[in-house]
Amino acid sequence: MPTLKRVLSTIAIIIVLYLVNAFMSKEGLFGFGFGAYPADVLMTLTINIILAVSLNLITGFTGQFSIGHAGFMAIGAYSSAYLVVYHAQFWERSLAGTVGFTVAHALIFLIAIAFGSLIAGFAGLLVGIPSLRLRGDYLAIVTLGFAEIIRIVILNIDKVGGATGFSVPGYSNFIWVGGFAIISIVIVHNIVHSDIGRALVSIREDELAAEAMGINTTRYKVLAFVISSALAGLAGVLFGHYRSFLSTNDFQFIRSFEIIIMIVLGGLGSLTGAVLGAVVITIMPELLRQLPGDFSRYRLVVYSAMLIIIILTRPQGILGTREFGLSWLKRARKRPEGDQVVGGTGGVSIAEQEPPSAIDEKKDRENR
Amino acid sequence: MKRTLLSLLLISSLLFAFACERKGGPGAGGQTGEIVVGYYGDLTGRTSNFGQSTKRGVEMAADEINKAGGINGRQIKILSEDDEGRPEKAATVVTKLINQDRVVALLGEVASGNTLAAAPKAQAANVPMISPSSTNPAVTQVGDYISRVCFIDPFQGAVMAQFAANTLHAKTAAIMLDFNSPYSRGLTEFFEASFKKLGGTIVDKQSYTQGDRDYKGQLTKIRSENPDVIYVPGYYGEVGVISKQAKQLDIKAPMLGGDGWDSTQLWDLGGDSLNGDFISNHYSVDDPSPAIQKFVADYKARNGEVPDALAALGYDAMKVLADAISRAGTTEGPQLKDAINATKDFKGVTGTISLDKDRNAVKPAVVLKLQDKKYIYQETIYPEGMTAPAQAAPATSGTSPAAAPASSPAKAGTASSPAKAAAAPAKTEKSSPSPK
Amino acid sequence: MDTFVQQLINGLTIGAIYALIALGYTMVYGILRLINFAHGDIYMVGAFVGYFLAFELGFATGPSLLGLSVVLVASMIAAALVGMAIERFAYRPLRKYARMTTLIAAIGVSLLIENLFVAKLGAAPRAFPQLLSEKSYTLFGNAAISKSQILIFAVSVALMLLLQWIIFKTKVGTAMRAVSFNLNSAKLMGINTDFIISFTFALGSALAAAGGVLTAQYNPQIDPLMGILTGLKAFVAAVLGGIGNIPGAVLGGLLIGIAETFVVGYGQNVGIPSTFRDAVAFAILILVLLVRPSGLLGSTVQEKV
């Protein structure tokens, strides 16, 4: 692997992140930039991308249906906020003297991110070990239940604000959020392309057969679940320190639903699909704010109607299990559609030849 | 495929162009032409009845001002945005209102949680925000651009405790609170503290969440404790049914509530079972004072229903803002903020409003008795440091307001834990809490 | 003792409503393996149809048993039609795709119904007219049972018996069981599976609407979002009992109802504050599933390769 290319692309990414961040800042770049409102939507969108990509690992690639992502996000957000609010002042004082405030804040935020993700990952382990032996919809409802329990427990802890909400220092900016979004995508991409990823996909396609082939399915499922939860926790940390205010109302099960909608709409088992889904689900309700006058009260009606229309017209998701990328375009030019063989650099190898309904039949059999 | 890529590129560049703008100065707009005021609230979510009510009050006030020639000759334009009752969306729409629509000031939200999420944005952008009805003490601690026209939880909770202990001579009380609502939890806390201070005991505390329909489990438990009074600091949607179910369980103790009870729908939901209950409120719709009766009649003519407390507070928030703009003579954030914070003895529908140094409205509360779809005035309770003016009390029945002791419910600023729990890093009061 | 009996009655009342809704979840799941997230909203639609009918037909003026029966039956029919329409237009076109897709359609339909009702009617709670007098009968001591509670028990037991009869004694019931056993084989046996699926949706929706009207009699407060939490808990009840299993849904519903009430009544004695009530349904569910992965009455199926 050409390391030089890697180093260069990393540098390029960092430069781009800095430029976008400058664009989004109050001053702008050379007097030009995003308005604060589009910038705010872009931040939300990027955080949603992390959530969608992480959920896609467990639901899209491994085929384990989880609707508790909001819970893990809440754990990440609240645990890191707790750390920063109650312990960081001491660190800030001791660090700021030696390295200055900016670096001190960055260090504290890094620690908070690591802490929040770890706690969320650990919660994922606790939830995953007992519940991943449940099948399909049973797992779904258990994860949903855990997320609701987490929310109610947080609501009962006065130290993190209870029902009123919890004010948090606003450390996040686009460099952090965008950077971690790219890192999350790279992590999930690399997992999917490794041996682990093939094991995960084999579990999705036929768990029994995978087991028979000598794959320790429970281990892989738990592994995927833990990584997915940790990434959701990461998104939670970034979210909390961007909004600088946490309320349990932001972690209700509707948010878990939204993340599911993102990945199904984009195409289950497609990384770029998850990203696209996050874009659509974040931008659409905001664009609908343009609805004129009295019609604006129907904004969410239009939004939900559009959801149904999209899913009816593209039942396999906007991208299906395909990936959107340069190599896909190259192949698409050569081959007629529907004859896509996976492989190459941009694509993810998933058994595309098998229509989703076949997978479904298999699932049905398991459930009976 | 090429076409797909091209159209994607086109869309994204369009979006980019739409999003891109020249960075200007602060969003104060011009000093001539329309005055653009932003309202944000829950217009489509679970609490949208509150958001819509407040919006109607705000719009009515704006129309009245416009009909009377505007402020210094300038018309007011209200731009409303929906936050779906989600704190995250509240922050987003406030960002939009400030930066895209360039509003000069913001009105909103009802729920303290949503106001707290949005307030830092207004504070950072130097755009004044008046909350009509967020009663949690932490709200205005966000910074000096945030104020409110309602009284805060410590005061209102103490008012009812005082009424229960001194007027009703209650020794024991049970509390039934909406656990998910900061409003309800705040009132509970301060009711509890004051009631205990006055020698009472809290025998039971039960909770529900908004959207529940069955409260018999909690009420049966409360019944077994046999309290003298039951404090239910909730919103009318739940309270009406709670009262009804309490009567079905043959609970005789009167229920006490707060301004969240005030709505015509309360009577539809609770009916006769509400008779004999008491609430604390900003004003009484049955108050014969001409200003209030005109407001009630106009609102009814406009919207076909009697205003609830939230509509009245929305109305007052807009009027206080208009008053401040005309006093400041400008819509520049810093000056306007100073004018708002200097509001003194403003004659609003919901009482005479003065803002204290914490930018909370200081105004008396009235205690009303619920009887046959009427609110019957009982007494006026004044906050500490405010003495009863000889004539200003909204007396409906014969009780002389001067007879009401102008005694002191808990001190607002020093009240203990919600402030502590709510905004740990934002505790310092003046500086902006966002250490970006 | 009378407090205990009172709490038991309270719990059974909520439980009976949960059970009625859970039946719809479990039947649809049994046949399509679909979690019909819009089902809770059908319950809400049922209550609102009853509300408007009571006013339109002039029953809102006072208690009348005739009015109640007309409103109940009419709203059940209306909800059945709504349920069938949802299946026909939102779920059927997606039947050959992954189940997750249909699930998203279900969430979409649920959001659409809720948002439409809020936009049209507002989120403010409305008072459902009293169609039954508010009489209470004292059992002993302080324990009392109200007329509306008796109504809930009577109607839900009757409906459950009727359902049992339909499923096990009629031709269409046999077909339903066949479809639930294996959709494709049932089709090969000449069963009109589309009709059976439609019928199942109609049946489930009618039961949910009955639940809606009955709740509205018991707690006369209805709003467009009333189906979210109740629907979710009913779904939990269905899973608890073993999803796809009809007696399981009833058992699950009653259990969740009683458990919630008892947490409120006695939780403090064992260190569970009443604020954890909403978490209890889920906690019970998780504990049960860890021991019995297919729910209380669900059968564990031997996997075949």
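What share of the contacts in chain B with a separation of 6 or more comes from residues 24 or more positions apart? In this predicted model, the figure for chain B is 69%. Chain B is built from 13 helices and 16 strands, and buried residues account for 63% of its 436 residues. Some 55% of the 368 residues of chain A count as buried. Taking the contacts in chain A with a separation of 6 or more, 77% are between residues 24 or more positions apart.

Next comes the nonpolar core. The largest one takes in 357 residues. Those with the most contacts inside this core are Ala52(A), Ala122(B), Leu321(B), Ala79(C), Ala210(C) and Val236(C). Helix α1 of chain C, running over residues 2-32, supplies the largest share of the core, at 17 residues. As for Ala79(C), leaving aside residues up to four places away in sequence, its contacts include Ile42(C), Val45(C), Gly46(C) and Val49(C). Ala79(C) also touches Ser205(C), Ala206(C), Ala208(C) and Ala209(C).

Helix pairs come next, starting with chain A. Here α2 (residues 36-61) packs against α6 (residues 174-192) at an angle of about 15°, and the two axes lie 9 Å apart. With angles under 35 degrees counting as roughly parallel, α2(A) and α6(A) are therefore roughly parallel to each other. Their crossing is left-handed. On the α2(A) side, the residues that meet α6(A) include Met43(A), Ile47(A), Ile50(A), Val53(A), Leu57(A) and Phe61(A). The α6(A) side brings, among others, Phe174(A), Val177(A), Ala181(A), Ile185(A), Val188(A) and Val192(A).

From α5(C), the contact draws on Ser148(C), Gln149(C), Leu151(C), Ile152(C), Val155(C) and Leu159(C). Facing them from α8(C) are Leu207(C), Ala210(C), Leu214(C), Gln217(C) and Tyr218(C). Ala210(C) also turned up above, among the residues with the most contacts inside the largest nonpolar core.

Where chains B and C meet, 30 residues of chain C are in contact with 27 residues of chain B. On the chain C side, the elements giving two or more residues are α1, α4 (99-121), α9 (226-241) and α10 (246-266). The largest share of that side, five residues, comes from α1(C).

One of these contributors, α9(C), is worth a look by itself. Its 16 residues should span 22 Å at 1.5 Å a residue, and the end C-alpha atoms are 23 Å apart, which agrees. The helix is mostly covered, with 15 of the 16 residues buried. After α9(C) comes Gly242(C), with a positive phi near 105°.

Gly69(B) follows α2(B), and its phi is positive, near 105°.

Terms used
Residues numbered from 1 in each chain as written. Chains lettered and ligands numbered in written order. Predicted model: local features only at pLDDT ≥ 70, side-chain atom pairs only at ≥ 80, totals over all residues. Core = buried A, V, L, I, M, F, W, Y, C linked by C-beta atoms within 7 Å. Buried ≥ 20, exposed ≤ 12 C-beta atoms within 10 Å, placed from the backbone. Helix = DSSP H or I, 4+ residues; strand = E, 2+ residues; numbered from the N terminus. Contact = placed C-beta atoms within 7 Å. Axes fitted to C-alpha atoms, helices over the stretch in contact; angles between N-to-C directions. Parallel < 35°, antiparallel > 145°, perpendicular 65-115°, else oblique. Left-handed = near helix turned anticlockwise from the far one by under 90°. Expected span 1.5 Å × (residues − 1).
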